[in-house]
Amino acid sequence: MTLVTLLGTAYFTLAQAQSNSTIVVRARGTAGSESISLRVDSTNVATWTLTTGYQDYTATTNLTGNITVAFTNDASGRDVQVDYITVNGSIRQSENQSSNTGVWANGSCGSGSNSEWMHCNGAIAYGPISSSANSISVRARGTSGSESLSLRVDNTNVATWTLTTSYQDYTASTSLTGAITVAFTNDDGSNRDVQVDYIVVNGQTRQAEAQSSNTGFYTNGSCGGGGFSEWLHCNGAIAFGTVSGGGPGPIPAMFVGNITTNGAVRNDFTQYWDQLTPENEGKWGTVEATRDVYNWSGLDQAYNYAMANNIPFKQHTFVWGNQAPSWINSLSASEQAAEIEEWIRDYCARYPNTAMIDVVNEATPGHAPATYAQNAFGSNWIIRSFQLARQYCPNAILILNDYNVLSWDTEAFIQMATPAVNAGVVDALGAQAHGLEGQSLSSIQNKLNQVAALGLPIYISEYDVARTNDQEQLQIMQTQFPLFYNHPSVAGITLWGYVVDSTWVTGSGLIYSNGTRRPAMNWLMNYLGR
């Protein structure tokens with residue numbers, strides 16, 4: 001699948017390696033006699049002769065230039081396939097690179113891109129890795145002039161400043177690369193408030209009011225769960241994403257998100273929602289309808305939108321009996337196992353800042369369990385799927401998701417989920433919430449409590465109210481939504497569509513395509529303070 005074949009003298013111009021860098025090249029040859037060389041700038045670091053099966057070729061160097069992997073003995077029948085390269089633990093997939101001068105395209109070699117294969121002498125460029133310090137500037141002011149503000153990367157304090165009553169630029173440098181937060185630390189409960197206008201990270205401006213997580217903003221009578229504001233009224237922090245700009249910082253204590261609309265993200269999305277899930281773009285059958293041919297376009301758009309707007313991105317889904325590629329069913333068990341692992345690995349390499357993943361979807365007996373995964377891994381297929389997701393997406397929240405959890409199939413879901421929960425591989429449970437319009441509030445609450453007894457956070461993963469009558473939809477929303485929002489085990493809510501005539505269930509839209517809101521949407525936005 002995600003592999004780069006090199007024919008001829010092929011080079012991979014990679015990133016700058018840091019001091020004492022470890023570089024791993026995963027590659028194979030078609031003949032088994034291909035020679036590849038790892039180079040940093042013009043210096044040869046290592047040379048290997050490939051086999052016809054994938055091997056990891058590892059070298060260590062203290063050089064700091066551009067890394068190249070050169071295929072040096074092209075001949076008839078010889079090709080090289082490079083799956084990926086790892087530099088200091090960071091995977092770079094060959095097909096993600098925009099310059100590949102060794103791939104055969106349009107009748108010649110020399111100007112290809114986004115391919116794992118190289119058929120001629122040439123190079124794949126992987127981009128530089130800078131070892132220089134990152135510059136972060138915070139533009140802020142206080143209302144009293146005595147407020148203390150700290151810049152942090154992950155849990156490390158980078159700098160602390162005392163603000164004035166007028167805007168000032170406060171600047172620090174750091175080599176850290178994690179999630180950035182700006183924290184107000186000395187609220188006195190009276191006169192002190194902080195207004196953060198924006199921050200600038202390596203020249204990139206990030207507006208405070210565009211960030212989805214602000215634990216110091218006062219809303220709905222308390223602090224702790226706000227967003228999209230420049231103001232910190234209490235001790236708390238605004239999350240500004242990672243230093244690299246590659247995604248959001250910590251997931252909000254409670255988010256209310258939504259999905260793509262007709263395969264795209266509407267311009268008004270962040271006006272209403274602070275978490276994004278692709279409706280169909282992340283399903284395996286959409287991405288890899290043809291074996292070893294990926295179509296990442298829909299996922300790229302959705303993921304990049306979430307990263308640019310610093311909102312959590314949830315992948316839906318890895319292993320599911322529906323909307324999987326048809327070709328998976330005809331493979332042997334060992335081939336199925338390899339393809340499942342490759343799908344998960346390649347997704348995680350391309351979208352490393354995914355916040356949450358529906359790893360296994362609808363596995364309750366009688367729903368849509370993935371028979372191909374059962375065939376591949378046996379009776380522990382759910383546990384094995386989660387183990388693979390943890391291996392390749394170590395920082396994501398891994399979710400076991402299903403439907404009718406809060407209505408008819410609660411006990412069956414709990415029975416199915418318990419072995420994986422007890423194995424410690426599941427981080428959270430996903431309760432789809434379609435079709436609850438006719439359920440009593442007490443019944444929903446009892447079912448929710450039953451699931452919560454498993455001891456894991458719950459995500460209401462696909463909520464909608466399917467009523468074409470405005471007042472009926474409003475009444476149900478007013479009754480059910482606060483139960484989910486205020487339940488101690490519910491960590492987030494994702495509504496399944498919001499545009500009339502563009503939702504999975506008829507009648508569940510909350511706004512019309514021109515932006516006009518239905519009454520339930522007006523109520524919901526007022527309830528959330530948005």
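Reader: Which side chain does the side chain of Asn401 make a polar contact with at 2.8 Å?
Author: The partner is the side chain of Asn361, where a polar contact is a pair of N or O atoms within 3.5 Å, and within protein one must be able to donate a hydrogen and the other to accept it, with residues adjacent in sequence counted only if both atoms are side-chain atoms. This is a predicted model, in which local features need pLDDT of at least 70 and side-chain atom pairs count only at pLDDT 80 or more, while totals for chains, interfaces and linings use all residues. Residues are numbered from 1 along each chain as its sequence is written, and side-chain values use heavy atoms, with hydrogens and water left out.

Reader: What else joins the side chain of Asn401 in a polar contact, this time of 2.6 Å?
Author: That is the side chain of Ser461.

Reader: And where is Asn401 found, buried or exposed?
Author: Asn401 is found in strand E30, taking helices (H or I, at least four residues) and strands (E, at least two) as DSSP runs numbered from the N terminus. Asn401 is buried at a relative accessible area of 0%, where buried means under 20%, exposed over 50% and partly exposed in between, with a 1.4 Å probe and protein chains only.

Reader: Switching topic, how many disulfides does the count come to?
Author: The count comes to 1 disulfide, defined as a pair of cysteine sulfur atoms within 2.5 Å. The disulfide joins Cys348 to Cys393, with S to S at 2.1 Å. Cys348 lies in helix H4 (residues 333–350) and Cys393 in the loop between helix H6 (381–392) and strand E30 (397–402), so the pair ties together parts 45 residues apart in sequence.

Reader: Why is it left-handed?
Author: The torsion about the S-S bond of Cys348 and Cys393 is about -115°, so the disulfide is left-handed. Cys348 is buried at 3% relative accessible area, and Cys393 is buried at 5%.

Reader: How many aromatic pairs are there?
Author: The count comes to 26 aromatic pairs, where rings of Phe, Tyr and Trp (its six-membered ring) pair if their centres lie within 6.5 Å, and planes under 30 degrees apart count as stacked, over 60 as edge-to-face and the rest as tilted. For Trp343 and Tyr347, the ring centres are 6.3 Å apart and the planes at 70°, so this pair is edge-to-face. Both residues, Trp343 and Tyr347, lie in helix H4, 4 residues apart, about one turn of the helix.
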